[in-house]
Amino acid sequence: MNSVRLVGISVIFTVIAMAIFASLLATHDPNKSSLDFLQGASTAHWFGTDDLGRDIYSRVLFGARTSLFVGIGAAIVATLLGVPIGIAAGYFGGKVDVLVVQVIDLFIALPGLVLALIITAMVGPTLINLMFILGFVMWPTIARLVRGQALGIRESVFVEAAKALGGRSSWIIWVHIWPNLLRIVAAQFAITVSFAIFTSASLSFLGLGVPPPAPDWGGMVRTGFDFLSVTPLVSLAPGGAVAFTVFGFYLVGSTIE
């Protein structure tokens, strides 16, 4: 296995383990306030405490659940929307392709974060809403990639042979087109997870993320922004967790061939 991919997989499994075993690994209740506010790192609080006296280390662990839920959920939504649309455009071509390309170009013309901000402000920043909003924002990227691959595959000899033998379009897509798209879709899925986690953190930083007091890395970074000169770990710990997780998914996605 590619060593770079192995590093990425190790990072991903580490973050997943943090999310699954957060209750066992945490040293404090992540939402419990105390009088020990804005404390530095110590044996009692490994990453210190925030402005409400909550343990940052414990909140980083539980924040992994939120980030993975939104990131993986958004990638699933984007894949379920983008793959069928991209295959249809690439395989059938003609008016279907023209229409899909115009819709994709319309979405891509708008910055993803700005579009996510607008929709989130309209429907409200809940965990489920964020997952669907980010999936809706990111499906055109997957659709465009799949369309481009499907355009090439449909010209292959084995596809032409299947058509000549009277194969139905649905059968050709399922047996010949889709298997040849699996690797590229898997790679894009991993990259989409990393983008969704980063965008979710950005929305939280701007005040449109998961509502408090739920631990959320982006929201924690925003909370600590005002106290960087006092206790920088309030922002650096969750910010490092975002970078670590995004880095892992990106490594896996970029090394799948």
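The second largest pocket holds about 220 Å³ of space. In this predicted model, local features need pLDDT of at least 70 and side-chain atom pairs count only at pLDDT 80 or more, while totals for chains, interfaces and linings use all residues. Residues are numbered from 1 along each chain as its sequence is written, and side-chain values use heavy atoms, with hydrogens and water left out.

A pocket is an open set of points on a 1 Å grid over the protein atoms alone, where a 1.4 Å probe fits, with protein on both sides within 12 Å along at least five of seven lines; lining residues have an atom within 4 Å of a point. Volume is the space filled by probe spheres set on the points. In the table, nonpolar means Ala, Val, Leu, Ile, Met, Phe, Trp, Tyr, Cys and Pro, charged means Asp, Glu, Lys and Arg, and polar means the others, Gly among them.

| Pocket | Volume | Lining residues | Lining by class |
|---|---|---|---|
| Largest pocket | about 280 Å³ | 19 residues | 9 nonpolar, 5 polar, 5 charged |
| Second largest pocket | about 220 Å³ | 14 residues | 10 nonpolar, 4 polar, no charged |

Nearest the centre of the second largest pocket lie G112, V137, M138, T141 and F195. For the largest pocket, the residues nearest the centre are R59, P212, G219, M220 and T223. Helix α10 (217-225) gives the most to the lining of the largest pocket, with 4 residues. Helices here are DSSP runs (H or I, at least four residues) numbered from the N terminus.

Helix α3 (56-92) also supplies at least two residues of the lining of the largest pocket. The axes of α3 and α11 (residues 233-255), lines fitted to C-alpha atoms over the stretch in contact, come within 10 Å and cross at roughly 35 degrees, on a scale from 0 to 180 degrees between N-to-C directions. I56, V60 and L68 of α3 make this contact (heavy atoms within 4.5 Å) with L233, V234, A237, P238, A241 and F249 of α11. By class, the contact has 9 nonpolar residues, no polar and no charged ones.

D50 sits in the loop between α2 (22-25) and α3. This residue is buried (under 20% relative accessible area, 1.4 Å probe, protein chains only), at 4%. Beyond its neighbours within four places in sequence, D50 is in contact with F37, L38, I56, R59 and V234. D50 and S235 are 185 residues apart in sequence and 9.2 Å apart in space, C-alpha to C-alpha.

S194 lies in helix α9 (residues 182-205) and is buried, with a relative accessible area of 5%.

Notes
Buried means under 20% relative accessible area, exposed over 50%, partly exposed in between (1.4 Å probe, protein chains only).
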